[in-house]
Amino acid sequence: MGGPVTVRVPAKVNVQLAVGGARPDGFHDLANVFLAVGLYDEVTVTPSDSLRITCSGPDAAQVPLDATNLAARAAIALGARYGIAPDVHIHIAKDIPVAGGMAGGSADGAAALLACDALWGTGASRTELLALCAELGSDVPFSLVGGAALGTGRGEYLTALDVGGDFHWVFAVADGGLSTPAVYAEFDRLTEGTAVPDPVASTALLDALRTGDATALAGAVTNDLQPAALSLRPSLAETLAAGTAAGALAGLVSGSGPTTAFLTKGADSAETVATALRESGTCRTARVAGAPAAGATVLARGV
Ligand code: C5P
């Protein structure tokens with residue numbers, strides 16, 4: 001069966017998150033433009049007597065170590081599919097903000113799936129792995145593929161997008177998380193009684209990604225969940241103001257928040273904005289990251 005397998009997996013930011021009305025199943029149809037960014041978790045799976053999870057990193061205490069963790073669910077789902085007992089020790093070295101709107105939990109699910117697949121030698125096709133990812137959660141397929149992609153449906157149907165250059169981002173990490181279902185519920189409350197348009201990807205935004213034009217991208221980023229996140233966490237407005245005052249080209253809530261994302265002109269500008277955000281007292285910390293980043297990747301394989 002082999003020794004430990006380690007997979008590195010990126011965080012994401014949604015450069016466009018267009019949200020439609022609630023569907024009968026409670027989910028929302030999306031036009032979700034994902035961009036993978038260079039903040040990473042590393043997930044290592046090792047054969048063990050039973051399934052267990054450990055986690056290290058500054059936010060480790062906030063990560064559930066039971067079967068609700070998407071990494072555990074991924075091992076169980078892949079094992080069930082191939083008739084393999086999911087007896088593995090999963091260790092998550094966590095660097096992606098927890099419950100921050102950067103798909104940290106989804107990333108760990110995709111990474112554990114890929115790691116267990118390599119450990120067990122299932123021979124699963126990419127299509128099968130993507131289908132299992134979609135069962136685990138709306139953002140999990142994107143964590144597997146990385147780069148940039150348009151997600152439709154509830155976000156799980158992916159079309160890869162061309163990206164013509166590197167983008168420099170700063171992420172302001174807030175104290176505490178926001179629950180994704182709670183933010184969608186607040187979106188429903190705020191839009192109640194209004195006609196919510198069908199979500200459509202912005203041509204200007206896709207063009208800006210394709211040409212690698214940061215200024216054009218800054219003019220096109222949108223997040224329909226932002227009013228809901230701000231309603232639940234009004235202090236995020238101060239973080240957004242601090243980042244844009246420091247010279248960011250654009251600032252927006254990342255996904256369902258509460259992490260806020262700032263697009264900058266280049267690497268130097270990103271450092272300046274990050275320093276200003278850290279000194280502003282409006283966030284817990286600020287992280288600099290480049291995009292696009294590769295999807296889940298096997299880093300090391302024992303024998
Ligand atoms: O798919 P995932 O488990 O990550 O979704 C978490 C929650 O976010 C869902 O239970 C739902 O409340 C909300 N959601 C939604 N529409 C989507 C994606 C997620 O309403 N497209």
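Student: How many aromatic pairs does the rule give?

Tutor: The count comes to two aromatic pairs. The rule takes rings of Phe, Tyr and Trp (its six-membered ring) and pairs them if their centres lie within 6.5 Å; planes under 30 degrees apart are stacked, over 60 edge-to-face, and the rest tilted. Bear in mind that this is a predicted model, where local features need pLDDT of at least 70 and side-chain atom pairs count only at pLDDT 80 or more, while totals for chains, interfaces and linings use all residues. Residues are numbered from 1 along each chain as its sequence is written, and side-chain values use heavy atoms, with hydrogens and water left out.

Student: Why is the pair of Phe-34 and Phe-142 called stacked?

Tutor: The ring centres of Phe-34 and Phe-142 are 4.6 Å apart and the planes meet at 5°, so the pair is stacked. Phe-34 belongs to strand E2 and Phe-142 to helix H4 (residues 140–145), so the pair ties together parts that are 108 residues apart in sequence. Helices (H or I, at least four residues) and strands (E, at least two) are DSSP runs, numbered from the N terminus. Phe-34 and Phe-142 are both buried, a word that stands for under 20% relative accessible area, with exposed over 50% and partly exposed in between (1.4 Å probe, protein chains only).

Student: What makes Trp-169 and Phe-171 a stacked pair?

Tutor: Their centres lie 6.0 Å apart and their planes are at 15°, so this pair is stacked as well. Trp-169 has 0% relative accessibility and therefore counts as buried; Phe-171, at 0%, is buried too.

Student: Which residues touch the most other members of the largest nonpolar core?

Tutor: Among them are Trp-169 and Phe-171, along with Val-13 and Leu-217, in a core of 69 residues. Such a core is a set of buried Ala, Val, Leu, Ile, Met, Phe, Trp, Tyr and Cys residues joined through side-chain atoms within 4.5 Å. Helix H2 (residues 104–120) gives the most to this core, with 11 residues. A separate second core has 13 residues, including Leu-178 and Phe-187.

Student: How do you know that strands E2 and E5 pair?

Tutor: DSSP has to find at least two bridges between two strands. Strand E2 (residues 28–47) and E5 have four, in the antiparallel sense. Four of the five residues of E5 are buried.

Student: Why is Arg-154 called buried?

Tutor: Arg-154 has 17% relative accessibility, so it counts as buried. This residue sits in the loop between E5 and E6.

Student: What makes the link between Arg-154 and Ser-138 a polar contact?

Tutor: A polar contact is a pair of N or O atoms within 3.5 Å; within protein, one must be able to donate a hydrogen and the other to accept it, and residues adjacent in sequence count only if both atoms are side-chain atoms. The side chains of Arg-154 and Ser-138 are joined by such a contact of 3.0 Å.

Student: Which atom of Arg-154 is 3.0 Å from a nitrogen atom of the ligand?

Tutor: That is a polar backbone atom of Arg-154. On the ligand's oxygen side, a polar side-chain atom of Ser-138 lies 2.5 Å from an oxygen atom of the ligand, and one of His-28 lies 2.7 Å from a ligand oxygen atom.
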